[in-house]
Amino acid sequence: ANYCPVINQIAMFSFVPVIVLAALFMSVSAEVASMNVEGKFSIPRLPSLANIKVGMNGDQYITQSRKDGSFTFYNIPSGIYLLDVLSVDMVFSQFKLKVNADTGVVNVVEYKYQGASRAQASYPLVLSPHTRLNYFQQKEGFNLYRAIVGNPMMIMMVVMGGVVILFPKLLAGMDKEELDKMMEEQKKAGMDTQDPMKMFQQMLGGKKNDSDDED
């Protein structure tokens, strides 16, 4: 009867290695249930495809592309992941990956931009940019048209120059009686009919006082 507790303790401790082995087996099984996720960049006219950063679920899994544009995420367990290209120079689609490590199958859905409808995509992934980002605006050269149209002073100078050239011709082409009548009315209004340019200025700015001339 005195040996029973000892036997029970030995039996209990004998299960410890079994439990440890079972835990190790479960951990090994969990590690086996993973797979590599692969893809490749296709970017024409880019000298080097190396070191383009790719992430899954934000920064949970990060990798970089090789010289040939290929990239690999190692030991990815089964689950659903969002894959993004972490580039500040180019805009790529976002991809949703459903990874089944037991069967080695990866189903891919593509979102070309935020809020876009999903579209089926092939696996292994082939990533191409939609556009390049340009943070600097190229300086435009001198444009005479914009320099004139965009500057009110230039517009006024062009208008005044046209008046100086065209106004005397308009007066010369008028009937003599109509011209005399117009001159008479302008004299009554106090305008200088001898100087067409001054007359035009008076039409725009109003009558000029004699006291101003004396000053």
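Me: Two strands pair if DSSP finds at least two bridges between them; which residue in S7 is the bridge partner of Leu-83?
Reply: This is a predicted model, in which local features need pLDDT of at least 70 and side-chain atom pairs count only at pLDDT 80 or more, while totals for chains, interfaces and linings use all residues. Residues are numbered from 1 along each chain as its sequence is written, and side-chain values use heavy atoms, with hydrogens and water left out. Within S7, the bridge partner of Leu-83 is Phe-95.

Me: Which residue in S8 stands opposite Val-99?
Reply: S7 also runs antiparallel to strand S8 (residues 105–111), and 7 bridges join the two. Opposite Val-99, the residue in S8 is Val-106.

Me: In the hairpin of S7 and S8, which residue takes a positive phi?
Reply: The hairpin has 4 residues between its strands, and those strands run antiparallel. The positive phi, near 75 degrees, belongs to Gly-104.

Me: In what order do the 3 strands of the open sheet lie?
Reply: The edge strands, each pairing on one side only, are strand S4 (70–77) and strand S10 (125–127). Strand S1 (residues 34–41) runs parallel to S10, with 3 bridges joining them. The pairing in this open sheet is mixed, and the order is S4-S1-S10.

Me: Which residue in S10 is the bridge partner of Phe-41?
Reply: Strand S1 covers residues 34–41 and is parallel to S10. In S10, the residue that bridges to Phe-41 is Leu-127.

Conventions:
Pairing = 2+ DSSP bridges.
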